[in-house]
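Open the model in your viewer and keep the selection tool ready. We will go stop by stop.

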Amino acid sequence: MDQNFFQKTPKQALEQLQVTSDGLTSSQAAQRLAQYGPNQLAEGKKKSVLAVFAEQFKDLLVAILIAAALISMFSGNLESTLVIFAVLILNAILGTVQYFKAEKSLESLKAMSAPSAKVLRDGQRLEISSDQIVPGDIIELEAGDLVVADGRLLNCWSLKVNESSLTGESEAVEKTNEAIEGEQVALGDQKNMVFSGSLVTYGRAVMVVTATGMDTQLGRIATLMNQTQQRKTPLQKNLDDFSSKLAMVIMVICAGVFLLSIFRSHMTILDSLMFAVALAVAAIPEALSSIVTIVLAMGTQKMARQNAIIKELKAVESLGSVQVICSDKTGTLTQNRMTVQNIWADGVLTRGTDLELANDAQRTLLKIALLDSDATMDHETGASVGDPTEVALVQLGGRFGVEERAYRTQHPRLAELAFDSDRKLMSTLHNTDDGPTLYTKGAMDVLLERSTQLLTANGPVPMTPELRAQIQQVNRQQSENGLRVLAFAQRPMKEARLLTLEDETDYTFVGLISMIDPPRPESIQAVADAKKAGIRTVMITGDHKVTATAIAKQIGIFGEGDMSLDGVELDSMSDEELDQKLPHIAVYARVSPEHKIRIVTAWQRRGCIAAMTGDGVNDAPALKKADVGVAMGITGTEVSKDAAAMILADDNFATIVKAVLNGRSVYANIRNAIQFLLSGNMAAILAVIYASIAGLSVPFQPVHLLFINLLTDSLPAIALGMEPARPGLMDQPPRDPNASMMDKPMLTRVFGQGLMIGIASMTAFYIGLNQSGPALASTMAFATLTLARLFHGFNCRGKESIVKLGLGSNVYSLMAFGVGILLLALVLFVPAMESLFLVSPLNGFDLLCVLGLAFAPTLLIQLTRIFQGR
Ligand SMILES: Nc1ncnc2c1ncn2[C@@H]1O[C@H](COP(=O)(O)OP(=O)(O)OP(=O)(O)O)[C@@H](O)[C@H]1O
Ligand SMILES: [Ca+2]
């Protein structure tokens, strides 16, 4: 295809792409999708099943196991060798399956958060996933959108685009739709083209797609993007670190045990080696890292079902330790359903419900409200499209039987300056009976400052300090009731022409309209829940300070000793002063997105983990800076979603608090699972070390330990990961984000519980030894160790006794226990297993001993808890 679309006029571009201004037909689109493929960048080649399978063997542990298998083979124990290899292969298969499952779940999360585009097809405006876009599609762009394909601009209104991902230039570029002459024009100078990967920072436009997927400029320069590669979370990195340290310690101990066996117990080298191998196998927690991954993945899936879509796995962990949530007001804490309450013009305040248009000033106010707005409404059904603030205005028009559509056809819009939250104004230019007039609406304080006149029923009068004070008085009174106040003004223009920001001055102030945006009922509960959980909620809003404070009081964010700041006050504060007041500032009002970075940085300077919400284009940097950046799924811009770590599918503040609860419970569950696995391993380690010091034979064969570590221990560990959130979890302060999971209490528990289970196993060993010999001793020790660890699963569900926890409150743990018993019975009682698992038959007495000894540690732990009233 001819690439030089910049030389063509919009009409020529449409012709060449064979599309009308109604967009492609759906059959055309389907055909082009088949021809050009989905609009996405090729990701780094996916790993093949075989490669992933092979990877499972690249592990220190596996090397040790292979060594064990070889040693077994040379000692004439071929069955053992076969079992070890079988187990290794089984483990590798499980690991492979789990890798692809985790990848799939990550992909489905990614699909949920994929950018969308507003496209015109069959003359209809649709919102579709960006990968469905094809060449020839007509796409609408507005501030906050990501450009998802390359395209020629057909029409644009003050469009500014940030192309830094392509050109490295961080300043936004202004675009036009005029054709450009010349053959060779650098990308940066193709002002009538937009490119995939850029961000719309300002204005609006309509483009026709000229290239998609790998045909885009980004596709050409992009080295293969390996987006599916998941980065490890801090916890996973910590555990990797722990594992490698553990491996070192184990090797040292193994060497010690080996030498001890040879020199003190005068064992053969082969037998001594078996000791060392048993110890290594006993100590290495094979299943640990996969179990952490599984629990994290299950956690994100649960969160997604509750409307919190996790984009970065590490957000799950950070959520669990969040100490402060900085939230937008409008739409997140409040319903974003605005209804006009009062209007003020020409010195008269009237209720929105019972007002009649008494004079010209009021009529002008309504006219500006309807013309200087993009919202539309079907006045029969009440269905509306657009920004809720503007919908409220259109609704107001409806109450007088004035329909915005009729007005807008009568006075077409000649030019506009779009709303942005930095400026807090929106302006449009129209032809009126008095010639071209600029209409502006926006924040009261901004607009009043720029007004030199006031419109009365008898025409404009000069603005005096008294009039100003009167308007401010009305504004304050409205805001104190939590109403959002919008101001309206106009300005005659000499000629109809394109607007610049300098035109927004020298206004005739027309009036005020105040509207109510009630808090979401769930917000009040969620803020209270967060508070109980030691989490501070802070409101950050573009709205007026008085309005914001009134709402913050209603929701429970603003309490005794708290204060509110506005953007100007924040600017005048030094960092030291801010740091000092920070804990008491409940509301930041009239802030621009740049302030958000300063606020989040201040909290982080205190060492706090901060979550921050954002929806606009300019919120992206703050979302990236926060520990958990939270974007709005419904009202959020694509740019903000791109920058966030979590997306709220329902825009609801309460969902953040729910996600925090889930984050905490995932962390607690992982900790319990780790404690379970490590204490079980500790039992085996202590038993093996004891046997080697006492000069006994090896209590466990490698195959025994593998059976426990990979099968009977994995199930309860996963069940622990599925433990439902404890009711008291949100009554505690957040955990210290810097504290290691392997803290002293944890290690003490691991050692203590491991010691108990180890003693039980060795007692069984001695009983077997006395009854018959090493073969029975080893079988009894193995059976006791397995069973005791299965029982121990119940102890690790929490710190409370099982009476308090309720045996049935985690059915998975019961199921895991049942399956574990079944597997053990299979090994002990099916004759064919005897030679494979090196077990000898147990009689009734042996079984009774095993049962009693295996249950003893759990009984002891549970009784202690009951006596302690836990
Ligand atoms: N569509 C609009 N046209 C003109 N002015 C607007 C419009 N929407 C909001 N404003 C004004 O700009 C101010 C800031 O709006 P902005 O959207 O940045 O924040 P917000 O939605 O009020 O609060 P939050 O940041 O909590 O979502 C508002 O208080 C209002 O005065
Ligand atoms: Ca906002």
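Select D713 and R789. This is a predicted model, and here these two side chains form a salt bridge, with the closest N and O atoms 2.7 Å apart. Where do the partners sit? D713 lies in the loop between helix 25 (702-712) and helix 26 (714-721), and R789 lies in helix 28, so the pair ties together parts that are 76 residues apart in sequence. Are they buried or exposed? D713 is buried, because its relative accessibility is 2% and buried means under 20%. R789 is buried too, at 1%.

Why can such side chains pair at all? Side chains of opposite charge can pair when their charged atoms come close.

Next, select R204, D374, R413 and E416. Salt bridges that share partners join these residues into one network. Zoom in on E416 and R413. Their closest N and O atoms are 3.0 Å apart. E416 is buried, with a relative accessible area of 11%. R413 is partly exposed, at 27%.

Move to R605 and D579. Their side chains meet in a salt bridge of 2.8 Å, N to O. R605 belongs to helix 21 (residues 593-605) and D579 to helix 20 (residues 575-581), so this pair links distant parts of the chain, 26 residues apart. R605 is partly exposed at 44% relative accessible area, and D579 is partly exposed at 24%. How many salt bridges does the structure hold? It holds 35.

Now select helix 32, residues 844-867. Its 24 residues should span 34 Å at 1.5 Å a residue, and the end C-alpha atoms are 33 Å apart, which agrees. Look at A856: a kink of about 35° lies there, shortly before the proline P857. Color the buried residues of this helix, among them C849, L853, P857 and I861. What do the buried residues pack against? They pack against helix 27 (744-771), helix 28 (774-795) and helix 29 (802-805).

Go to the surface. Select I66, L70, M73, F74, L78, L82 and F85. They form a nonpolar patch with about 650 Å² of accessible area together. Helix 4 (60-74) and helix 5 (78-112) each give two or more residues to the patch. Helix 4 provides the largest share, 4 residues. M73 is in helix 4. M73 is partly exposed, at 35% relative accessibility.

Last stop: R399, in helix 13 (residues 388-399). R399 is partly exposed, at 36% relative accessibility.

How values were computed:
Residues numbered from 1 in each chain as written. Chains lettered and ligands numbered in written order. Predicted model: local features only at pLDDT ≥ 70, side-chain atom pairs only at ≥ 80, totals over all residues. Heavy atoms only, no water. Patch = residues over 30% accessible without salt bridge, like charges linked within 9 Å, V, L, I, M, F, W, Y side chains within 5 Å. Areas by Shrake-Rupley, 256 points an atom, 1.4 Å probe, with all protein chains shown as cover. Salt bridge = Lys/Arg side-chain N within 4 Å of Asp/Glu carboxyl O. Buried < 20%, exposed > 50% of the residue type's maximum accessible area, 1.4 Å probe, protein only. Expected span 1.5 Å × (residues − 1). Bend = angle between axes of the 7 residues up to and from the residue. Contact = heavy atoms within 4.5 Å.
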